[in-house]
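Reader: I have a model open and would like to go through how its parts pack. Can we start with the helix pairs?

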Amino acid sequence: MAIGVMAVDGWVLYLVLSVVLFGLSFLSGMMGLGVAFVATPVLAMFGMDLKHEIMPLALWLNGVTAISSAVAFARKKMIDWRTAIPLLVVTTIAAPVGVWLLQFTSVAVLWWLYVAVLLFLAWRMAFPPKQDDSVPSEVTDVTRLKAAGASSGIGVFAGLLGVGPGFLMMPTLVLLGFAARTAAATNSVVVTLPSFSAFIAHLPEARFDWILFGLTTLASIVGAQLGATFMAKRVKSLTLTRIFAVALLLLAAQRVFALVVT
């Protein structure tokens, strides 16, 4: 099934999007997020349809980049598996509910919801709790239970937006007391299956350019793997939260500009 994006300029477009998604996947891999939350507005800049083209592709890329990041984090033993597995189950079940709700929501409303969430999270991540990477995160069973409760709503909302739960789950874990590095590593596991469950829910009406699909998948996997490895070796928690906040603000600004101008 082909999409309208082919008309832009064939292989030049494939190359540009592959390079851009490699860079975005590197950054999202550092944060254990999956790439959909940044890929969605970027793909929209190329005239692709949100519900039928962007969301399915972004969710697929979200899943494969999350897996790539999770492998790198697991090798460094940075993942809190006792938190990751329950959250993974809850968000995987919840994500398709959001996809079902999508049919009742207009595209304009979706984009403004997306902007509102980006601004809120940017504010919270710009002023995170005090963190010390030399001390392990003190995570209790009560904290894990709170995270599981939050993850059900996050799964539905992320499925509605078509971006996977990572960009909401990671800051939620930080606000609950996880160090940002631990939150990013744990989040990379949580993001995987919900992205694919939401992707599968989109398949009946999805439209793909298979060359673009293959090239961006490869670029995103490599970028996420390198980003996660770089973060595990060099990036501290406070630096990570600030990078996250700046990225969210830039995305929100781009979307507001596109919504107002068009």
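Reader: Which hand does the crossing of H5 and H7 have?
Author: The crossing is right-handed. Keep in mind that this is a predicted model.

Reader: At what angle do H5 and H7 pack, and how far apart are their axes?
Author: The angle is about 25°, and the axes are 6 Å apart. H5 covers residues 81-101 and H7 covers residues 141-161.

Reader: Why call H5 and H7 roughly parallel?
Author: Angles under 35 degrees count as roughly parallel, and H5 and H7 pack at about 25°. They are therefore roughly parallel to each other.

Reader: Which residues meet there, H5 against H7?
Author: On the H5 side they include Leu87, Val90, Thr91, Ala94 and Gly98. Among those on the H7 side are Ala148, Ser151, Ser152, Gly155 and Gly159. By class, that contact has 11 nonpolar, seven polar and three charged residues.

Reader: Next pair. How do H6 and H8 pack?
Author: H6, residues 107-126, and H8, residues 166-175, pack at about 30° with axes 11 Å apart. That makes H6 roughly parallel to H8. Their crossing is left-handed.

Reader: And what touches what between H6 and H8?
Author: H6 brings Val117, Leu118, Leu121, Arg124 and Met125. H8 meets them with Phe167, Leu168, Met170, Pro171, Val174 and Leu175. The contact of H6 with H8 has 10 nonpolar residues, no polar ones and one charged.

Reader: Switching to the core. Which residues touch the most other members of the largest nonpolar core?
Author: Phe37, Tyr114, Phe167, Met170, Met231 and Leu240, out of 82 residues in that core. Helix H4, residues 50-75, gives the largest share, 11 residues.

Reader: What does Met231 touch, leaving out residues up to four places away in sequence?
Author: Met30, Phe73, Met78, Arg181, Ala184 and Leu240. Leu240 is also one of the residues touching the most other core members.

Reader: Now Leu57. Where is it, and is it buried or exposed?
Author: Leu57 lies in H4. It is buried, because its relative accessible area is 4% and the cut-off for buried is under 20%.

Reader: How far is Leu57 from Arg207?
Author: In sequence, 150 residues; in space, 8.9 Å from C-alpha to C-alpha.

Notes
Residues numbered from 1 in each chain as written. Predicted model: local features only at pLDDT ≥ 70, side-chain atom pairs only at ≥ 80, totals over all residues. Heavy atoms only, no water. Axes fitted to C-alpha atoms, helices over the stretch in contact; angles between N-to-C directions. Helix = DSSP H or I, 4+ residues; strand = E, 2+ residues; numbered from the N terminus. Parallel < 35°, antiparallel > 145°, perpendicular 65-115°, else oblique. Left-handed = near helix turned anticlockwise from the far one by under 90°. Contact = heavy atoms within 4.5 Å. Nonpolar A, V, L, I, M, F, W, Y, C, P; charged D, E, K, R; others polar. Core = buried A, V, L, I, M, F, W, Y, C linked by side-chain atoms within 4.5 Å. Buried < 20%, exposed > 50% of the residue type's maximum accessible area, 1.4 Å probe, protein only.
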